[in-house]
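Subject: Structure handover and findings

Hi,

Here is the structure I promised to pass on. My notes follow below it.

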Amino acid sequence: PEEWEVVDKSVKEKEELSREMRAGLGDVFELVKVGLVGCGGVSGAGGECAVLSLKIMRNWVAPCNITLSELYKCNLSAPNGCYEQEQNNSLLSALVQILSLPDSPNEAIPITAAKALTECLLQKEQSPSLRTEPIRHLLRSIPKQGFLVTPYNHHATPSSSERDDNISHALILLASTIANEEMEDLVLLTYYEGSSELFNLLLRAQSHPSASVALLVFDTWLTLSEIPTMDRHPDCGPVLFRKVLRAVVEKIAYPVEFVTWEEELDLDSQDFEEVRRMGVDVLVSCYFLLRVAFVDELLLSMHQRQNYNGRNDGNNQSPPWNVVEAVLFCLSSVSREMCQHVVTTNKSRMLKKISGDNTAKSQETMQRLIALTKQLLSCGGITANSSPAYSAAQVLTKQHHPYLVASVCRYLGSYAPVWNAMCSDNCDNIIEIIAFLRASLELCTAAVTESAKSIKLILVACSSPMASVIKRDFTTLSVNNNDNSSNTHLQLQLLQNHALVTSLLDTMDKALGSNDEDAMLFVAEGCTRLCVQLKDAKTIQLILLHVVSPVWRRLQMALDAIRQLQNHNDAAQLEHYCHDVAHMLRVTKEVIRFCDDGEDVGVLTNVLNIIWPLLTTVASFAVCRQHDYALEQLLAVHSQLISAVPKLLEPYLADLITFVVQAFEETRLPCTLDTVGGTVEYFGQNHGMTDSFAGLLSHLTRLMVDFVTREIVAPDDCPQLIRAYFDMAKRYLLFCPLAIIDHCADFPTIFSFAVACLTQCQGERDSTRSTLNFLSQLLSLNILNNTSSITNTAIIDSSLHQNGQLITTACISGLTGSLPQPLWPSISECLYSLLSRTLMHAQNQSLARTWVATALSSGGEENCVTPELQISITNLLIGLVTQERQKGRKMKPMVKMLLDDFGKICKGEMSVDSLLSYELSS
């Protein structure tokens, strides 16, 4: 019976086997009785007989569908386990007694008993009413006999061993299964006896030291939350979920003595993160039920929240750092739901659409959040020349755990929509929050990423009021100076004295100094998106170029350092400055990406004028061209400029292509070919450049083929380079087909190279997929679009005639097992395009049939295609594609489904009979 789940039988065969096994169920129960009642029971000979009996019963549960009611009716004192119901002597009662003992000589006894009972609970009864009495018996046994509770109390201790944890896991799995399966009955207003004790047990399990035990209970609370509150017993409403919330806070808190994961020996990082991840849904459910009480309960768990000021002076004890961190994690986890409720309700209140209790609770929630934030931003004394928020960050980073600092930063960013809703006229509150985050970014390494991410969230969410303040102030400057706002001195004075602009500039500078690229990108995105909200092109240009000026200043400094070090052979220093160059280029790309303002290219024109000399300098340094990351980011900036302002880049195009070709010759990096592909996409439709692009493709193709063949670098040794080359070639087909077909003398080489890579890449996904996609696009030219301007289609047919068999064999071989299954859609597309093009002419039908038949019969001894399957697939493929050509029916989806089913047949996942539907369709 233990092989039931893995046995290779059909559903009908399993049903017949199950009926035969149920005929012997009485004998099975007799064996169970001998093990549990005779042979000394659970205490005899170490309980070995009991363990074997329980294992037998467990193995027979699934095949025979042994239900809870059958265990309840099975009388152990009757002969042959006949069904003479006697509650105290039933098999169910025996299991309850085992699971009411504090401990057993053999840990397998309670574990196997609990698992057997759990599996019986999951079996479907003929009638739901049959479960009522057995379930009530289980529940009554909790308070009366200590069912589940007594052994759990014995084994669930802070110093529990692995044996104890295994037993606790089995017990709580059973308890949670009872709750999940019978939840609707458990929480009814009538409330079964023992239900309260069951929920109390699950609450205690929520805080079990073992994560595997605690995780079992999360589903129970989620299942309970799906039942309408009005249908529940009062004890299963807010009162219970307050306790659940406290238990979750306790479980997700770090140990108070925790330092770093490297130094932590008792706590597993993966288990801890899994508990936090799974706990988020429970926290959201708690919030939806409790609303403002959710915040109150969390703040209450921090004890006297008004005393949280970062000082421990004996008279004013702050709560432990791990409790505060856990509370802030909980608040951050429900921030999306809370912000949506608070902000939406606040807007509706202002529009006088709603009023009453809902509005009051929303206002209370907002006030709680504001009060907590003020305390976080005002802890510590105010030092000279610094804001209260900066001082608070200093105190926090010096006196508290770095993880707490990171959690504070995460909390501040999570509630950005709320800060936007309560933004003051001058955005002073937002400036204070950003000052705190900026200080955390500077002072706490562990909080760099979280603080930068929160800065971005706040700048984006609060961009409207902040942009309004900046526009108002610059408009005032214009009016006060008779519209002479272009006065450089006045502009510089306002930029230097404007609190908001200065805050942005300082934040950008601190982010760039963090050496954390993610932090740089977050802040750059936030600053750029805020500046774009100013709408007025002149103001955007003025503020943006001022705020991001540290980026290009640092880039220039790195280039100056490289220039001085080029002749000193200081590899370490050169590597350091090349990384600085790469970081600044990546940030520059992000700025260009988010300040792309469509038709109005004024801002990007000025950006281009500033950065083009810098880009040229980077390209001129061999050390930068040969530094993979620096070159990749340099080309990424060019690609972003081409995407954003192709017209502005057109005068620089010749120099750019020359540089890219030089970089490819020196490095053979995929990013060089990606840049060429992007250039073709934006400029390929300019017919005056067709010959230039054709010459470029020929040159790159020769370099590529030489690199792969003559330099003994096989395609499977450079898969990303192959991927980039055929992605580029596909863009040629899409945006400049004349350059690759009519004007490229090396087209036959490109075709042959694609076929060779298809067979030589050995199933590497990215390169093989790109090669297949290129061939599919190529072979479908002038089929999907008969008005194409390509005239020299004969060269495609000629190359296909020479390589058709190789392509077909590679595709069929891929479906039969040589290529991974995620590549099947690309294989099917390629094979369909090949057959569709070949069968354009009726005289080619025999040729296509030969290609398919030969491919199906290849493979030698490992070939899994039978002669019958070979004939069937060949006829179906040729027939379906021919139908499309002759009758105009769209058969492509069916052809691709056929090929997918063929692959599954070869893997043994489907039978050959599944092809009958295709034969009927054809």
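First, how axes and angles are defined: axes are lines fitted to C-alpha atoms, for helices over the stretch in contact, and angles run from 0 to 180 degrees between N-to-C directions. Helices (H or I, at least four residues) and strands (E, at least two) are DSSP runs, numbered from the N terminus.

Two notes on the source. This is a predicted model, where local features need pLDDT of at least 70 and side-chain atom pairs count only at pLDDT 80 or more, while totals for chains, interfaces and linings use all residues. Residues are numbered from 1 along each chain as its sequence is written, and side-chain values use heavy atoms, with hydrogens and water left out.

**Overall**

The chain has 47 helices and zero strands. Of its 922 residues, 53% count as buried. Buried means under 20% relative accessible area, exposed means over 50%, and partly exposed lies in between (1.4 Å probe, protein chains only). Take the contacts in the chain with a separation of 6 or more: residues 24 or more positions apart account for 72% of them. Contact means heavy atoms within 4.5 Å.

**Helix 7 and helix 11**

Helix 7 (residues 132-145) packs against helix 11 (residues 195-206) at an angle of about 75°. Their axes are 8 Å apart. The two helices are therefore roughly perpendicular to each other. On the angle classes: under 35 degrees counts as roughly parallel, over 145 as roughly antiparallel, 65 to 115 as roughly perpendicular, and the rest as oblique. Helix 7 brings L139, I142 and P143 to the contact; helix 11 brings S195, E197 and L198. By class, these residues are four nonpolar, one polar and one charged. Here Ala, Val, Leu, Ile, Met, Phe, Trp, Tyr, Cys and Pro count as nonpolar, Asp, Glu, Lys and Arg as charged, and the others, Gly among them, as polar.

**Helix 29 and helix 30**

Helix 29 (residues 549-565) and helix 30 (residues 571-594) have axes that come within 9 Å. They cross at roughly 155°. That makes helix 29 roughly antiparallel to helix 30. The crossing of helix 29 and helix 30 is left-handed. Left-handed means that the near helix is turned anticlockwise from the far one by less than a right angle; clockwise would be right-handed. From helix 29, the contact residues include V551, W552, L555 and L559. From helix 30, they include Y577, V581, M584 and T588. The contact of helix 29 with helix 30 divides into 15 nonpolar, two polar and two charged residues.

**I611**

I611 sits in helix 31 (residues 602-620). At 1% relative accessibility, I611 counts as buried. Leaving out residues up to four places away in sequence, I611 touches W552, T588, I592, V637 and L641. I611 and T588 are 23 residues apart in sequence and 8.6 Å apart in space, C-alpha to C-alpha.

**Loop residues**

- S160 lies in the loop between helix 8 (149-155) and helix 9 (162-181). S160 is buried, at 17% relative accessible area. Its side chain makes a polar contact with the side chain of D165 (2.9 Å). A polar contact is a pair of N or O atoms within 3.5 Å; within protein, one must be able to donate a hydrogen and the other to accept it, and residues adjacent in sequence count only if both atoms are side-chain atoms.
- L188 lies in the loop between helix 10 (183-186) and helix 11. L188 is partly exposed, with a relative accessible area of 35%. Beyond its neighbours within four places in sequence, L188 is in contact with D231 and H233.
- D746 lies in the loop between helix 39 (737-741) and helix 40 (747-760). D746 is buried, at 10% relative accessible area. Beyond its neighbours within four places in sequence, D746 is in contact with S698 and R702.

**Backbone check**

Most residues other than glycine have a negative phi. Which phi does N515 have? A positive one of about 60°, although N515 is not a glycine. N515 is exposed, at 57% relative accessibility. R668 also has a positive phi, near 55°. R668 is buried, with a relative accessible area of 15%.

Best wishes
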